[in-house]
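Here are some notes to read with the structure open beside you. Take the points one by one, and find each residue before moving on.

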Amino acid sequence: MKKIVLATAAVLTLVFAGACGNAATKEDKAKTTETTKQTFKTKTVDNIDMKIGEIKTTESTKKDKNMVSIAMSFLNNDNAPVGVGAGDFKIKADGKTFDVYPQGNNFGDEFKPNEKLAGKAYFELPNTVKKGTLVYAPMDKEKASWSITIPEAK
């Protein structure tokens with residue numbers, strides 16, 4: 001009788017320990033996913049609040065290239081309409097400057113005071129680029145920048 005009780009207790013202990021181990025592993029994976037999501041400070045340039053959102057990477061049709069999309073949103077705090085477009089942004093990485101991908105469905109528009117504008121900017125980058133600086137440079141005058149990490153293509 002004692003052997004049965006001890007065997008049952010041992011089996012229950014192993015099952016309980018195994019269940020806790022799996023839960024911890026799932027939590028660790030969730031934390032890893034959360035830490036890869038980047039957050040950026042909102043910057044105000046010429047009375048426009050600029051916010052960088054999610055960065056996604058997919059493989060390009062060209063060899064050794066990735067397509068990177070960067071979600072952005074803007075709020076016009078000025079008292080007049082302003083215009084912002086993806087062409088005002090560049091990525092600097094590995095000693096080179098990359099312009100927006102012209103065939104991408106890039107944002108660009110004029111918007112009124114207290115209105116928001118949101119869209120994505122697309123860049124075709126070598127798949128070796130892992131980090132860089134997103135630069136807001138209208139008329140080639142650098143006015144703001146954000147350090148970014150380029151995620152793996154999915």
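**Notes on the salt bridges and a sheet**

1. Let's begin with charged pairs. The structure, which is a predicted model, holds six salt bridges. As background, side chains of opposite charge can pair when their charged atoms come close. The next points walk through some of these pairs.

2. Start with Lys 62 and Glu 124, which form a salt bridge whose closest N and O atoms are 3.3 Å apart. This pair links distant parts of the chain: Lys 62 sits in the loop between β2 (48-59) and β3 (65-76), while Glu 124 belongs to strand β8 (residues 116-126), 62 residues apart. Are the two partners buried or exposed, or something in between? Lys 62 has a relative accessible area of 45%, so it is partly exposed. Glu 124 has a relative accessibility of 13% and therefore counts as buried, because buried means under 20%.

3. Now look for Lys 92 and Glu 142. Their side chains meet in a salt bridge, with 3.2 Å from N to O. Here too distant parts of the chain are linked: Lys 92 is in strand β5 (residues 89-93) and Glu 142 is in the loop between β9 (131-136) and β10 (144-149), 50 residues apart. Lys 92 counts as partly exposed at 36% relative accessibility, and Glu 142 counts as partly exposed at 49%.

4. Another pair to find is Lys 130 with Glu 152, a salt bridge in which the closest N and O atoms are 3.4 Å apart. Lys 130 lies in the loop between β8 and β9, and Glu 152 lies in the segment after β10, so the bridge ties together parts that are 22 residues apart in sequence. Lys 130 is partly exposed, at 38% relative accessibility. Glu 152 has a relative accessible area of 57%, so this residue is exposed, because the exposed class begins over 50%.

5. Salt bridges can also share partners. In this model, shared partners join Lys 90, Asp 99 and Asp 140 into one network.

6. Which strands form the open sheet, and in what order? There are four, arranged β6-β5-β9-β10, and their pairing is antiparallel. The edges are taken by β6 (96-99) and β10; each has a single partner strand, so one side of each is left without a neighbour in the sheet. On average, neighbouring strands of this sheet are turned by 30 degrees against each other, direction ignored.

7. Zoom in on one pairing in that sheet. Strands of a sheet pair through backbone hydrogen bonds, either parallel or antiparallel. β5 and β6 pair in the antiparallel sense, over four bridges. Ile 91 stands opposite Phe 98 in β6, which makes a handy landmark to look for.

8. Finally, step back to the whole chain. The protein chain has one helix and ten strands, and along the sequence the pattern is α-β-β-β-β-β-β-β-β-β-β. Of its 154 residues, 30% count as buried. Among contacts with a separation of 6 or more, 60% are between residues 24 or more positions apart. The protein chain exposes about 10,400 Å², and carbon and sulfur atoms supply 54% of that area.

Notes: Residues are numbered from 1 along each chain as its sequence is written. This is a predicted model: local features need pLDDT of at least 70, side-chain atom pairs count only at pLDDT 80 or more; totals for chains, interfaces and linings use all residues. Side-chain values use heavy atoms; hydrogens and water are left out. A salt bridge is a side-chain nitrogen of Lys or Arg within 4 Å of a carboxyl oxygen of Asp or Glu. Helices (H or I, at least four residues) and strands (E, at least two) are DSSP runs, numbered from the N terminus. Buried means under 20% relative accessible area, exposed over 50%, partly exposed in between (1.4 Å probe, protein chains only). Two strands pair if DSSP finds at least two bridges between them. Axes are lines fitted to C-alpha atoms, for helices over the stretch in contact, and angles run from 0 to 180 degrees between N-to-C directions. Contact means heavy atoms within 4.5 Å. Accessible areas come from the Shrake-Rupley method with a 1.4 Å probe; for residues, only the protein chains shown count as cover.
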